[in-house]
Amino acid sequence: MGVAYSVGEVDHLYTFFVQWSPDMYTKGNKKHVQPGYFIREKHPNHYLVVENNKAAVINKLLSHPVNKTDQKWEIIRVKDSKRRLSLCSSEDSEVEEPEYQEEGDDAVPVLNEHSQLLGDQDLEQLVAHLPARIQCHSWQLVYSTAVHGSSLKTMYRNMKGLDSPVLLVVKDMNKKVFGAFSTVPFRVSKYYYGTGETFLFSFNPTFQVYRWSGENSYLVNGKMDSLQIGGGGNGFALWLDADLNHGASFSCPTFHNAPLSNQEDFIVQDLEFIMAEVDASESQPVQTKTSAVPAEGYDKKCIFCKVVNNEMGTELLHCDEEISCFRDIKPGAPHHYLVVPNRHVGNCKSLTKEHVPLVNRMVEAGKEILQKNNITDLSDVRFGFHWPPFCSVTHLHLHVLAPASQMGFFPSRLIYRLNSYWFITADQLIELLNSKEETN
């Protein structure tokens, strides 16, 4: 018997198809793209994307509905769906199409205002790399140096209160066009933000896309004096100053990209920020997206790997190229932080002398966080690790508790007890690792 889906279940059904056919989102080469269709709820903004070999099965269900709610769906071409979203068309003017037609070239996204930097061919190349859930929406120009002047502060103000994906497009004085796509709008923040769907692109002479490598989580960082995308290594993948006049682009581990401009330091000629007109719920990525392709040093089953890669919504109090820090969800003291390496490293029992610098760096990061929170008496701080099998997460993590004198008797003083066989201080671990190497 067929299964009917009500109007309110469209988002759940969409997520199911994403998990059912994740390969349809790797559109890197059009020669490998299978013809596609949209299952369209008879509402202008509700679509489900499927491949043509699955469309026949679903169409059979829709052709023999078990109740009236099934009749709220129809199958149309991807290209038609984009045309129907055009501002100059309406449902009354739609022309009937055969129920099955193979998808032609990607339609150009609808821009409410003309872009001075992207032509139709540029847009066609970009759309194939955007998340499928936003390809069919119209886009609006929210900031342009030609219209709004050159001010990063103005750009932040124009995006305030918006929650949609954004394209940043830059044209330098050498006429080279490049930029970045972010699933979240640019804003001022103390910490890096963004999702694994963030990517860089460049034109001239050929179109190139650089996707997130998973090597670190330095995706986007907005400051009042600069906008930074990517990081680690020798510099940012893309950096713009407060006046949006000067920029820089370096190869970096976040995207494994080549410099986007012909010169590492460049002068901006024109710049545009273009945002998709979508609901906030539609702008968020499917959670399995970034974890589906784990990079080296990333364990998709590890909760702390997901935390440092911004998949859990946890606030990162500290994040650099090697180390991240966040609050313990079950604090054992007024200040209780966890310091972890960004790359997946096993528990403390698996470490060798080569890991001593890492442990020292974790302790220093813990001290920095304490100082930022006005904890200056380091003699009343406990730095330590749980010894296997008494650690619930295998990803190496340092507990930083302060003031140690204010830990409760039970269970905190028991769980983080000194000289116990389940808890080892950072100094004891370092001493142990050094002795291991000497005895070997």
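Which residues form a nonpolar patch on the surface? Phe409, Phe410, Leu414 and Ile415 do, and together they have about 460 Å² of accessible area. The points below start from the basis of the model and return to this patch at the end.

1. Basis. This is a predicted model, in which local features need pLDDT of at least 70 and side-chain atom pairs count only at pLDDT 80 or more, while totals for chains, interfaces and linings use all residues. Residues are numbered from 1 along each chain as its sequence is written, and side-chain values use heavy atoms, with hydrogens and water left out.

2. Overall make-up. The chain has twelve helices and 19 strands; helices (H or I, at least four residues) and strands (E, at least two) are DSSP runs numbered from the N terminus. Of the 440 residues in the chain, 52% are buried. Buried means under 20% relative accessible area, exposed means over 50%, and partly exposed is in between (1.4 Å probe, protein chains only).

3. Surface and contacts. The accessible surface of the chain comes to about 21,500 Å², and carbon and sulfur atoms hold 51% of that. Accessible areas come from the Shrake-Rupley method with a 1.4 Å probe, and for residues only the protein chains shown count as cover. Among contacts in the chain with a separation of 6 or more, 63% are between residues 24 or more positions apart; a contact means heavy atoms within 4.5 Å.

4. The sheet. Six strands form an open, antiparallel sheet in the order β14-β15-β16-β18-β17-β19. Its edge strands are β14 and β19 (423-425), each of which pairs on one side only. Two strands count as paired if DSSP finds at least two bridges between them. Strand β16 (residues 335-341) and strand β18 (residues 398-402) pair in the antiparallel sense over five bridges, and His335 stands opposite Ala402 in β18.

5. The helix on the sheet. Helix α10 packs on the sheet and touches β14, β15, β16, β17 (382-386) and β18. The direction of α10 makes about 145 degrees with that of β16. Axes are lines fitted to C-alpha atoms, for helices over the stretch in contact, and angles run from 0 to 180 degrees between N-to-C directions.

6. Salt bridge network. A search of the whole structure finds four salt bridges, each defined as a side-chain nitrogen of Lys or Arg within 4 Å of a carboxyl oxygen of Asp or Glu. Asp320, Arg361 and Glu368 are linked in a network of them. The closest N and O atoms are 2.5 Å apart for Arg361 and Asp320. This pair links distant parts of the chain, 41 residues apart: Arg361 is in helix α10 (residues 356-372) and Asp320 in the loop between β14 and β15. For Glu368 and Arg361 the closest N and O atoms are 4.0 Å apart. Asp320 is buried because its relative accessible area is 18%, whereas Arg361 at 23% counts as partly exposed, as does Glu368 at 32%.

7. A further salt bridge. Arg327 pairs with Glu315, with the closest N and O atoms 3.1 Å apart. Arg327 is in strand β15 (residues 323-327) and Glu315 in the loop between α9 (303-308) and β14 (318-319), twelve residues apart. Arg327 is partly exposed at 45% relative accessible area, and Glu315 is partly exposed at 41%.

8. Back to the patch. Leu414, one of the patch residues, lies in helix α11 (residues 412-415). Its relative accessibility is 36%, so Leu414 counts as partly exposed. Patches are made of residues with over 30% relative accessible area and no salt bridge; like charges are joined within 9 Å, nonpolar side chains (Val, Leu, Ile, Met, Phe, Trp, Tyr) within 5 Å.
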